[in-house]
Amino acid sequence: MRPTRTTVLLTAGLVTVLGAPAAAAAETPTNLYVNNQTGSNCSDTGAGTQAVPFCTISAAAKVVAPGQTVRIRPGKAYNEAVTIDRSGEPGKPISFVADAEGPAYVGLPVGKGVTISGASHVLFRGLSTGGGVQVKGSSDVELDRSFIRNPKLNALVVGEGSTDVRVTRSAVTGVLVDGGSRNTVLSNNSINGPFGPAVAAVDAPGTVITNNTLYGYCGATVSLGGGSTASGAFNNVFITGDQGSSCTSGDPRNALLVSQSATAGTLADYNLVAGNPNIAPVPYSWSGTTYKDLPAFRAATGQGAHDILVASAADAAAGEGSPRVDSADATAPGVLPTDFSGDPRVDDPLVPNTGKNGGYLDRGADELQDNLDFATVSVDPTYAPAGTEVVAKASSDSNWPTTMSYHFDFGDGTPPVVTQPGGEALAKHVYAKPGEYVIKVTAVSGIGKKVSAQQSTTVSTAGPLTTAFTATQVLPAANDIETHVAPLTYSFDASSSAMPWPVQRTEVNWGEGYYETFDGLAPVKHTYNKPGDHQVTVKLIDVKGGTSTKTQTVRVEYAKAGYTAVTPFRVEDSRNYGGPMKAGVPKGVRMPVAHHGPNGSGGMSVAVINVTLTNVTQEAFLGVSATGEDRPTTSNLNARAGATVSNTVTAPVDDYGNVWLYLNAGQADVIVDFVGYYQPNAGQKFSPVAPSRLVDTRTTGGAVAGGTTRTVKVAGVAGIPADAKAVAVNLTSTDATSNSFVAAYPDPAKRPEVSNLNPEPGKAKSNQAIVPVGPNGTITLYNHSGSAHLIVDAVGYYGQDGKALYTPVAPKRLGDTRLTGKVAAGATATVSGVPADAVGAVLNLTATESAGAGYLTAYGYGSARPEASSLNTLPGLTVPNHVTTPVKDGKLSIYNGPWGGSTHVITDLLGYFTQG
């Protein structure tokens, strides 16, 4: 493009528009639109509006009028050959442009090209064609920022007497100018001659080749022949390729070949010629004579006075230190203000300006730019009280730092601070008010290119360091059973402290007899061994040596949790591994947290297990707790020598997922079956029901023989909904003919290797079980040997419409009649101490010193006594049982049946249910 001429044409066009009648101007739209993209609503029979565009470029080319621009939507290729044979007018060209922001290209596939025939005043910008471009008998034609390819010899042909054709900032595979065409200008292009010269001009006077990067493979890279007089080659980079198999052997390998008939008035200067180590090219052929070096060429022709020869293409590459940089003639014909990529002409401050008259234009299609991609900023200090001076330093990846300036915006409404180009990128500032501020730095290059970076800073209130902190329980995310979150984990956050300077160190005394030290002020976590009130002390030390301490009481407690039932499976059997438990030696049993076993949860807070003692050497009891350090104050199982007993236990786990067993005397083998777990933010809610009998084989079905099963309907009966996920039942065996075990499980076809109850002849024994609901709303009972009557009493269920969540507690004794006197046969005792808002409680109920064989029934205080049992008493034995029961006003009732005589009753609270 010629800047001076463009200005004249635009001015002429403006006068023409202003002088046109108003009606005529309104009738001719400024733009026509072409859009073949899906959903464009295009039509080639319409008016080419934006709402209803043309589908093809050809349709627009047939109707475009002087002064109109055809805006072509890029994207999907236009599968057509385009002919432009209409003309614009001086100052009112017809234009075809890619309709998009920034560089974009309108695609035509291989074999589909553009022909401009007999037309004038035509502009095409953003064309990408695989079928080449032909300009025939046309004038004032400009092809800008295009990709012009053709599988044939030359992708661009300018011929048939065309005049004033300009090809700028484009990539072309071979150019031929012939047929008497005049004043063709090729500027800032990348031109590749895959089968011959990059540019060939034959009988084309006034051909100007300026600031191109030219790749030739066969023969000359640029060839001016015939009557191509008064032509010129300036500021180009010539790269001669290897001799290919498609080239004719012996072809002259010249960078520039000017035949004798074309030398008149033809000039060449400020070019850079790259040699080739694989061949021996002769750089110049002028008027029929070849010249192997510059001195001979200059001496004979007077041309190339400022040309440069380099050994290889690598030496001609664009980059810092290249001879291309700032060494061209900025006054040569065809010079543009921008390069191949649209970047401006810039002065590289790192090299001297050796161009004509001290100019700084680069040779070739590309102008070396400053490598400015990012900026950085640092702030010191990043945290300080108001009134403190803050220093911001900036830098960038600029190769030309002396041309850079930096704009500092401190984010508080004060005017930006601007550094001078080449000066130190540093700015100082004092904030007047506390707050969080963002300091933004904009780095600006010598040509106005901008990149930004930012850094936040905290301005605090001046004054003393004063500690304050909050403690928040850490819970598993909703329904996340993968991530391990230990119960009784708390996060401590001291960010609400008054801190004029950054905190360097935090010291925390957790209230459990030890403390920890942490760098900085980040929130810290701690997992407690047991619930309760803990005196926590947090001490802060800032970077200026200031200290402040705060002590406060943190109440540590278990969170409410939902229940997930699993098909029971065995997690411990000392008969097979490890040997018997010994008195006074705590035994940890790992529960199946997610990464340690099936059907487990990484966030479980409470495990529900069935624990069995066997091979007991002397009368003893077993306690279960969440810690191995403290001996439990309550018991879960009581066994005499030689006995096998079992009981369901609901126990919190420690931070590693263990429950801890403690045997008070002798030794015994222990068997632990995993039944299910409670986890905050997961699982099912619980609804207690008044104990209801589901089956009693003494009246229905007869005793269950050894090796057989009995299916019991549990869902849809006794207040348990049909969609219940699990049921809590009390299992009782009586009239057993031999020692045996009973397993309760969901699927009758898949009996697990577990047990829930151990029947003995002559004894009624009971145990509570939580069992997933199986097919058709049933559970299955299996008796291993002999025969026994089985009794099943429902005490609650877990499901979608459950009402309550479970909160475990450290086992707490609610009542012990050994201190107040036995409960007589037929009498009811009231036990209090459950939280007043509880709707149900989980207890370990123990009968001892019983006068005879009887039973106990636990039920909600003030409710009708159900016809069901919670525990079976035996004379001379201590019998515990896991019990889930409704409660009211923090109380429950315990009834001693009429025929067993008096008994002592011990009631231990394991946890409770509240509305969730």
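Predicted model: local features only at pLDDT ≥ 70, side-chain atom pairs only at ≥ 80, totals over all residues.

Author: Residues are numbered from 1 along each chain as its sequence is written, and side-chain values use heavy atoms, with hydrogens and water left out.

Reader: How many helices and strands does the chain have?

Author: The chain has 4 helices and 69 strands. Both are DSSP runs numbered from the N terminus: helices are H or I with at least four residues, and strands are E with at least two.

Reader: What makes the chain more spread out than a compact globule?

Author: The radius of gyration is 47 Å, whereas the globule rule gives 29 Å for 916 residues; the value is well over the rule, so the chain is more spread out than a compact globule. The radius is taken over C-alpha atoms, and the rule is 2.2 Å times the number of residues to the power 0.38. Along its principal axes, the C-alpha trace spans about 135 × 70 × 65 Å.

Reader: What share of the contacts in the chain with a separation of 6 or more joins residues 24 or more positions apart?

Author: That share is 68%. Contact here means heavy atoms within 4.5 Å.

Reader: Why is asparagine 212 called buried?

Author: Its relative accessible area is 0%, so asparagine 212 counts as buried. The classes are buried under 20% relative accessible area, exposed over 50%, and partly exposed in between, with a 1.4 Å probe and protein chains only. Across the 916 residues of the chain, 53% count as buried.

Reader: Where is asparagine 212, and what does its side chain reach?

Author: Asparagine 212 is in the loop between strand 19 (208-210) and strand 20 (213-216). Its side chain reaches the backbone oxygen of threonine 210 at 3.0 Å, and a polar atom of that side chain lies 2.9 Å from the backbone nitrogen of asparagine 189. For a polar contact, a pair of N or O atoms must be within 3.5 Å; within protein, one must be able to donate a hydrogen and the other to accept it, and residues adjacent in sequence count only if both atoms are side-chain atoms. Leaving out residues up to four places away in sequence, asparagine 212 also touches several others, including Leu186, Asn235 and Gly364.

Reader: How do you know that leucine 613 is buried?

Author: Leucine 613 has a relative accessible area of 1%, so the label is buried. This leucine belongs to strand 48 (residues 606-614). Among its contacts beyond four places in sequence are Leu622, Leu637 and Val645. Leucine 613 and isoleucine 671 are 58 residues apart in sequence and 6.6 Å apart in space, C-alpha to C-alpha.

Reader: Why is aspartate 307 called buried?

Author: Its relative accessible area is 4%, so aspartate 307 counts as buried. Aspartate 307 is in the loop between helix 4 (294-301) and strand 29 (308-310).

Reader: What is the length of the polar contact between the side chains of aspartate 307 and tyrosine 284?

Author: That polar contact is 2.5 Å. A polar atom of the aspartate 307 side chain also lies 2.8 Å from the backbone nitrogen of asparagine 271. Among the residues that aspartate 307 touches is Tyr270.

Reader: What is the phi of tyrosine 270, and is this residue buried or exposed?

Author: Phi of tyrosine 270 is near 60°, a positive value in a residue other than glycine. Its relative accessible area is 5%, so tyrosine 270 is buried. The residue lies in the loop between strand 25 (267-269) and strand 26 (272-274).

Reader: Which peptide bond is cis, with omega about -5°?

Author: The bond that joins aspartate 380 and proline 381. Proline 381 is in the loop between strand 30 (375-380) and strand 31 (383-385).
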